[in-house]
Amino acid sequence: MTTADRRPLGPVDSSRIPRYAGPATFARLPRIDEVGGAADVAVVGVPFDSGVSYRPGARFGGNAIREASRLLRPYNPAQDASPFALAQVADAGDIAANPFNINEAVETIQTAADDLLTAGARLMTLGGDHTIALPLLRAVARKHGPVALLHFDAHLDTWDTYFGAEYTHGTPFRRAVEEGILDTSALSHVGTRGPLYGKQDLDDDAKMGFGIVTSADVMRRGVDEVAQQLRERIGDRPLYISIDIDVLDPAHAPGTGTPEAGGLTSRELLEILRGLSSCHLVSADVVEVAPAYDHAEITSVAASHTAYELTTIMARQIAAGASGGA
Ligand SMILES: N=C(N)NCCCC(=O)O
Ligand SMILES: [Zn+2]
Ligand SMILES: [Zn+2]
């Protein structure tokens, strides 16, 4: 039986079982084993943070997002959709990656992502540091070919190496371009800001094919115009969205490893994402939530709502019959 043949199993009913009771899955959704191992959207954690250049702790991000997601409700008015009724969304648990061997971890993450995609799911991945975007993109490209990328981040993450290491949280998108797994006619950073190592960083980045919408551009031009520009650039290509929570201002996301002043508000981020609801989103990640630096779940609440909007986009498209599972 395929997921399309049966009604999705939704979240625990928070009017019957208090939302703070029981173990946390994303949005109180069923575990993937509770839906026969088959999901249209698999929410999967990757507790890996051995690729960071500054504060560690994003290995705890996925579970912090799950805890904060207890308060999500089933109807999303901003996209006029009940995502968990439109598609089977399930929590696929965590990919267990070796914290002492980055190369091995990258392989493990790719293999596990491949398995979920092959089983027909789109991925809503909860990081983890940004290193994990590379194996996730490899897996997605194996299925769809080179994908368009929207990368929300304070940072470029197209640097070459750190301490000689190729796989770090500052380098995933340079590796991805080198490997030919991105559609270089449709690459954009959004929310970029802060000091760089040199002007060359920007030149290298542009040569790889990236366009940049800076954090200041979002403020000056507004979310609707930015979303429209991004939609035009992406067209109907298969799209991957990678969201480093440090795209938000530290006032909106203090719980992260490499914070930069002058970022987006959570309202701006959520509104831009809603403006992308017509795009062919094949998978997405939210990374770099480091709960040890968080306060009052500010960061993990923002991350949970971010993942909710992304999940809603995917669920709407699945219900509309877009190939994307496929
Ligand atoms: N991907 C994130 N969050 N940060 C990259 C920062 C790399 C650096 O320390 O220059
Ligand atoms: Zn970043
Ligand atoms: Zn990043």
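**Reading strands, fold and metal sites**

A: Let us begin with a strand pairing: Ala-148 stands opposite Leu-239 in β7. The model is a predicted one. In this model β4 and β7 pair in the parallel sense over 5 bridges.

Q: Which strand do 5 bridges join to β4, and in which sense do the two run?

A: The strand is β5 (residues 182-192), and it runs parallel to β4. In this pairing, His-151 has His-189 of β5 as its bridge partner. Between the two strands the chain passes through α5, and this β-α-β crossover from β4 to β5 is right-handed.

Q: Which residues of helix α9 are buried, and against which elements do they pack?

A: The general idea is that an α-helix has 3.6 residues a turn, so residues three or four places apart point the same way. In α9 (residues 266-274), the buried residues are Glu-268, Leu-269, Leu-270, Ile-272 and Leu-273. The buried residues of α9 pack against β4, α7 (215-221), α8 (223-234), β7 and α10 (298-319).

Q: What can be said of the protein chain as a whole?

A: The protein chain has 10 helices and 8 strands. Its radius of gyration is 18 Å, close to the 20 Å that the globule rule gives for 326 residues, so the chain is as compact as a globular protein of that length. The C-alpha trace spans about 55 × 40 × 40 Å along its principal axes. Of the 326 residues, 56% count as buried.

Q: Which residues coordinate the zinc ion (ligand 3)?

A: Its donors are His-130 (ND1), Asp-153 (OD), Asp-157 (OD) and Asp-244 (OD), at 2.0 to 2.2 Å. Along the chain these donors follow the spacing H-x22-D-x3-D-x86-D. Both Asp-153 and Asp-157 are buried.

Q: Why is the arrangement around the zinc ion (ligand 2) called irregular?

A: Ideal angles at a metal are 109.5 degrees for four tetrahedral donors, and 90 or 180 degrees for six octahedral ones. The 6 donor atoms around the zinc ion (ligand 2) subtend angles of 56 to 162°, which makes the arrangement irregular. The coordinating residues are Asp-153, His-155, Asp-244 and Asp-246, at 2.1 to 2.5 Å. Their spacing in sequence is D-x1-H-x88-D-x1-D.

Q: How far apart are the zinc ion (ligand 2) and the zinc ion (ligand 3), and which residue coordinates both?

A: The two zinc ions are 3.2 Å apart, and Asp-153 coordinates both. The pair links distant parts of the chain: Asp-153 lies in the loop between β4 (147-152) and α5 (172-178), whereas Asp-244 belongs to strand β7 (residues 239-244), 91 residues apart.

Q: Are Asp-153 and Asp-244 buried or exposed?

A: The relative accessible area decides the matter, with buried meaning under 20%. Asp-153 counts as buried because its relative accessibility is 0%. Asp-244 is likewise buried, with a relative accessible area of 2%.

Methods: Residues are numbered from 1 along each chain as its sequence is written. Chains are lettered from A and ligands numbered from 1 in the order in which they are written. This is a predicted model: local features need pLDDT of at least 70, side-chain atom pairs count only at pLDDT 80 or more; totals for chains, interfaces and linings use all residues. Side-chain values use heavy atoms; hydrogens and water are left out. Donors are N, O and S atoms within 2.8 Å of the metal (3.2 Å for Na, K and Ca); water is not among the atoms, so sites may look incomplete. Four donors count as tetrahedral if all angles lie between 85 and 135 degrees; four count as square planar and six as octahedral if opposite donors are over 155 degrees apart and all others between 65 and 115; anything else is irregular. Helices (H or I, at least four residues) and strands (E, at least two) are DSSP runs, numbered from the N terminus. Buried means under 20% relative accessible area, exposed over 50%, partly exposed in between (1.4 Å probe, protein chains only). Two strands pair if DSSP finds at least two bridges between them. A crossover is right-handed if, with the strands pointing away from the viewer, the path from the first strand over the helix to the second runs clockwise. The radius of gyration is taken over C-alpha atoms; the globule rule is 2.2 Å times the number of residues to the power 0.38. Contact means heavy atoms within 4.5 Å.
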